[in-house]
Amino acid sequence: WIWALCSLFLLSMVLVVTASTAFSFLIGWELMTLLSAGLILVDGTSRDRLHNLFIYLVMMHTGAAAVMASFLAFLPVSRDLSFASLHAASSLLTPAGRTAIFLLAFVGFGMKAGIIPLHLWLPRAHPIAPTPVSALMSGLMLKTAVYGLVRFSFDFLGGGPAWGGYLVLIVGAVSGVLGVLYAIGEQDLKRLLAYSSVENVGIIFMGLGASLIFLANHAPAYAALALVAALLHTLNHALFKSLLFLGAGAIADATHTLELNQLGGLLRRLPAVGVAILIGCASIAGLPLLNGFVSELLTFQSFVAGSTLEALPARIVLPLMAGVLALI
């Protein structure tokens with residue numbers, strides 16, 4: 001079942017990022033939810049597992065409804081729901097329509113990405129999934145939401161409303177700070193990694209928000225820098241978070257526990273796993289010479305560049321976000 005459903009799960013994510021119409025996008029989006037739920041059930045059907053899975057499904061379908069509504073809101077000005085038509089129709093949207101579409105997309109994709117306060121499903125679903133599935137959900141599935149938000153904000157809406165960048169930036173900052181604080185307090189290794197995903201998605205959203213702010217302030221070079229930083233961190237997180245989840249699975253197989261207080265002295269028994277996890281930890285911590293450092297440094301530089309803008313709010317908020325990123 002894991003082999004069959006994992007293959008279909010990967011196919012659904014491919015369908016999401018290669019779709020050229022709203023219909024095919026939503027088919028892939030819904031399949032992604034249902035197949036990941038099936039993979040979670042492979043490991044058992046206890047009452048606690050079913051309760052957490054129910055929360056996951058309710059939140060995913062709520063987010064899917066918001067995404068569907070954001071597509072349907074284009075119908076008054078678009079002849080169909082192909083992506084080319086949505087892009088062409090963006091100039092015909094009223095300010096109210098543009099705002100509604102942006103907010104619906106932000107809620108729908110933000111729920112799938114696990115940003116705070118829409119993250120409640122994430123620390124419940126990831127730990128109960130089989131380890132390879134946890135790696136796919138955290139490393140890849142969350143990034144389809146980043147893709148969706150980028151597609152709507154930068155492509156369909158041409159930058160979104162002027163204040164949209166501040167919303168994405170601030171919510172990303174809150175997710176980054178609270179995500180790492182929740183992770184610090186966790187004793188279960190997979191739940192810790194799940195909260196770490198909330199933190200890193202927050203960093204990605206901070207980069208996307210900065211890029212939208214630069215676009216609104218007619219600074220395309222800095223907007224490109226912030227967008228590249230966010231997309232590079234999206235790729236980097238997929239790599240090192242998958243590595244860390246697979247390492248956690250290796251530890252669970254060897255010790256039959258993921259409680260940190262019960263673990264220790266494993267490097268002698270699992271030297272290869274220990275080296276792999278050390279590399280993942282150094283990368284996720286943003287240490288130099290590893291990929292996490294590069295994307296976080298680019299994000300930091302884009303925030304500092306905000307001090308050169310003429311608009312006073314951006315000139316204040318963006319440099320402050322450099323301090324928030326350093327805190328994270």
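1. D80 is partly exposed in this predicted model, because its relative accessible area of 26% falls between the 20% and 50% cut-offs. Its salt-bridge partner is R79, with the closest N and O atoms 3.0 Å apart. R79 counts as exposed, at 74% relative accessibility.

2. The structure holds 3 salt bridges. Another of them joins D155 to R151, where the closest N and O atoms are 2.8 Å apart. Both residues belong to helix 7 and are 4 residues apart, about one turn of the helix. Residues three or four places apart in an α-helix point the same way, because there are 3.6 residues a turn. R151 is partly exposed, with a relative accessible area of 24%.

3. R191 and E186 also meet through their side chains in a salt bridge, at 3.3 Å from N to O. E186 is buried, at 16% relative accessible area, whereas R191 counts as partly exposed at 27%.

4. Helix 8 has 21 residues, and 30 Å separates its first C-alpha from its last, close to the 30 Å expected at 1.5 Å a residue. Its buried residues include G164, G165, G172, G176 and G179, along with V168, L169 and V171. Among the elements that cover the buried residues of helix 8 are helix 5, helix 9, helix 12 (291–305) and helix 13 (312–327).

5. I170 lies in helix 8 and is partly exposed, with a relative accessible area of 45%. Together with V174, L178, L181, Y182 and I184, I170 makes a nonpolar surface patch of about 540 Å².

6. Helix 5 (residues 95–113) has 19 residues and should span 27 Å at 1.5 Å a residue; its end C-alpha atoms are 26 Å apart, which agrees. The buried residues of helix 5 include F102, F106, F109 and M111. Their cover includes helix 2 (22–41), helix 3 (47–72), helix 6 (122–128), helix 7, helix 8 and helix 9. G114 follows helix 5 and has a positive phi, near 85°.

7. Which residues have the most contacts inside the largest nonpolar core? They are F25, Y56, F71, W121 and M137, in a core of 65 residues. Helix 7 (residues 131–156) supplies the largest share of this core, 11 residues. A second, separate core has 19 residues, including A219, F303, M321 and L325.

8. Leaving aside residues up to four places away in sequence, W121 touches I55, Y56, M59, M60, M111, K112, G114, H126, M137, M141 and L142.

Definitions and conventions
Residues are numbered from 1 along each chain as its sequence is written. This is a predicted model: local features need pLDDT of at least 70, side-chain atom pairs count only at pLDDT 80 or more; totals for chains, interfaces and linings use all residues. Side-chain values use heavy atoms; hydrogens and water are left out. A nonpolar core is a set of buried Ala, Val, Leu, Ile, Met, Phe, Trp, Tyr and Cys residues joined through side-chain atoms within 4.5 Å. Buried means under 20% relative accessible area, exposed over 50%, partly exposed in between (1.4 Å probe, protein chains only). Helices (H or I, at least four residues) and strands (E, at least two) are DSSP runs, numbered from the N terminus. Contact means heavy atoms within 4.5 Å. The expected span of a helix is 1.5 Å times one less than its number of residues. Patches are made of residues with over 30% relative accessible area and no salt bridge: like charges are joined within 9 Å, nonpolar side chains (Val, Leu, Ile, Met, Phe, Trp, Tyr) within 5 Å. Accessible areas come from the Shrake-Rupley method with a 1.4 Å probe; for residues, only the protein chains shown count as cover. A salt bridge is a side-chain nitrogen of Lys or Arg within 4 Å of a carboxyl oxygen of Asp or Glu.
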